[in-house]
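Biologist: I have a structure to go through with you. May I ask about its charged residues as we look at it?
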Amino acid sequence: MSVFRLRRHTGLPAAEAWRRVTDWPAHGADVPLTRVAVLTPGPSGVGTRFSARTGVGRLGFDDPMRVVRWEPPGADRPVGVCRLEKYGRVVRGWAEITVASDGPGARVEWVEELRVLGVPRVCDPLLSWAGRRVFGRELDRLLAPPGRRPA
């Protein structure tokens, strides 16, 4: 299994940072050859299921996930936590997203454990590196101010 951790600080309020990082279809908007479909009716919460499809046509794989913990930040909860479980045939593991108020902005942390079918453990460092690159770029895009999205 490969584990990676991302940390970002944003000038966005915690509620807006939370809204953006839990906008599941937006996660696939800028990832090459990937689209995300929500499989359950909204709003998001415990039990929400969605899947990221990566590939072209029939050549690809699904990465289905479900929300198992949903605690948005708010006046009574300064730290929000969302935990996802990945239960696909190819990709398994979990991700935990934490959003906390930090001065006028927010601190976002994303921790993910990935297991990919058929990939030997010796490749875990490469998977972690790729996860940090792909998810880090996407997290930067999700949290960017309007009109200032990174390339």
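Biologist: To begin with, is Glu16 buried, partly exposed or exposed?
Modeller: Please keep in mind that this is a predicted model. Glu16 has a relative accessible area of 22%, so it counts as partly exposed.

Biologist: Which residue forms a salt bridge with Glu16?
Modeller: The partner is Arg19, and the closest N and O atoms of the two are 2.7 Å apart. Arg19 is also partly exposed, because its relative accessibility is 45%.

Biologist: How are Arg19 and Glu16 placed in helix 1?
Modeller: Helix 1 covers residues 14-21, and the two residues are 3 apart within it, so about one helical turn separates them.

Biologist: How many salt bridges are there in total?
Modeller: The count comes to 11.

Biologist: What does Lys86 pair with?
Modeller: Lys86 forms a salt bridge with Glu112, with 3.2 Å between the closest N and O atoms. This pair links distant parts of the chain: Lys86 belongs to strand 5 (residues 79-87) and Glu112 to strand 7 (residues 105-116), and they are 26 residues apart.

Biologist: Are Glu112 and Lys86 buried or exposed?
Modeller: Both of them are buried.

Biologist: And Glu113, what is its salt-bridge partner?
Modeller: That is Arg115, where the closest N and O atoms lie 2.4 Å apart. Glu113 has 9% relative accessibility and therefore counts as buried. Arg115, with a relative accessible area of 38%, is partly exposed.

Biologist: Which residues are linked in a network of salt bridges?
Modeller: Arg5, Arg7 and Glu109 are linked in such a network.

Biologist: Let us change topic to the backbone. Is the peptide bond from Gly42 to Pro43 cis or trans?
Modeller: The bond is cis, with omega near 0°. For context, most peptide bonds are trans.

Biologist: Where does Pro43 lie?
Modeller: Pro43 is in the loop that runs between strand 2 (34-38) and strand 3 (49-56).

Biologist: Finally, confidence. What is the mean pLDDT of the protein?
Modeller: The mean is 90, and 96% of the residues reach 70 or more.

Biologist: Which elements have the lowest and the highest mean pLDDT?
Modeller: Helix 2 (residues 24-27) has the lowest, at 88, and strand 5 the highest, at 97. Strand 5 is also where Lys86, the partner of Glu112, is found.

Biologist: What should I bear in mind where pLDDT is low?
Modeller: In such places the predicted coordinates should not be read in detail.

Key. Residues numbered from 1 in each chain as written. Predicted model: local features only at pLDDT ≥ 70, side-chain atom pairs only at ≥ 80, totals over all residues. Heavy atoms only, no water. Salt bridge = Lys/Arg side-chain N within 4 Å of Asp/Glu carboxyl O. Helix = DSSP H or I, 4+ residues; strand = E, 2+ residues; numbered from the N terminus. Buried < 20%, exposed > 50% of the residue type's maximum accessible area, 1.4 Å probe, protein only. pLDDT = per-residue confidence, 0-100.
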